Amino acid sequence: MANTAIIGGSKLSYKTDGETYTELLNVKSIPALGGEVNKEEATPINSKSVRYVPRLKDYGDLEFVCFYEGGATGSNYRVCRDFEEAGTVVDWEVTMWDGTKFQFSGKCAASFDGGEAGDVSTFTLTIFMNSDMTVVPAV
């Protein structure tokens, strides 16, 4: 496992216009970003095995868990709630520790997570993609 690394150093960023991404601070976890390819059975009647053809890729809802910093203006939660309330389509970018980037756009929802006394407060940012995902390899 020579190239194994932890996910630390990765980040989630956003932009709504222009060229500059702003990092969304205190993201705790990143979801799977590969998606799932839907398939359709396409077996000819003379075949001895089932065959499939790939169809559309489905990324599903992307759920990022973030540490809750409070609801004040400028906090990570407030930024996400403002996007949700305005129905803003946001450009998102996940940058992995090695520089690989996953870029996509979509609307979002922010939901405060439950907990018990002594738990760290978190919220879940759910992104509903409305674009393809572009993968930019690390250089």
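Visitor: Why is the sulfur of C108 too far from the closest cysteine sulfur for a bond?

Guide: The closest one is in C80, 5.4 Å away. A disulfide is a pair of cysteine sulfur atoms within 2.5 Å. The C108 sulfur is therefore too far for a bond. This is a predicted model, where local features need pLDDT of at least 70, side-chain atom pairs count only at pLDDT 80 or more, and totals for chains, interfaces and linings use all residues. Residues are numbered from 1 along each chain as its sequence is written, and side-chain values use heavy atoms, leaving out hydrogens and water.

Visitor: What about the sulfur of C66: how far is the closest cysteine sulfur?

Guide: Again the partner is C80, at 5.9 Å, so a bond is ruled out. A search of the whole structure finds zero disulfides.

Visitor: What makes C66 buried or exposed?

Guide: Its relative accessible area is 0%. Buried means under 20%, exposed over 50%, partly exposed in between (1.4 Å probe, protein chains only). C66 is therefore buried. C108, at 5%, is buried too.

Visitor: Which way do the side chains of strand β6 point?

Guide: Strands (E, at least two residues) are DSSP runs, numbered from the N terminus. In β6, residues 62-67, L62, F64 and C66 point to one face and are buried.

Visitor: How many bridges join β6 to β9?

Guide: Six, and the two strands run antiparallel. Strand β9 spans residues 122-129. Its L125 stands opposite F64.

Technical notes
Helices (H or I, at least four residues) and strands (E, at least two) are DSSP runs, numbered from the N terminus. Two strands pair if DSSP finds at least two bridges between them.
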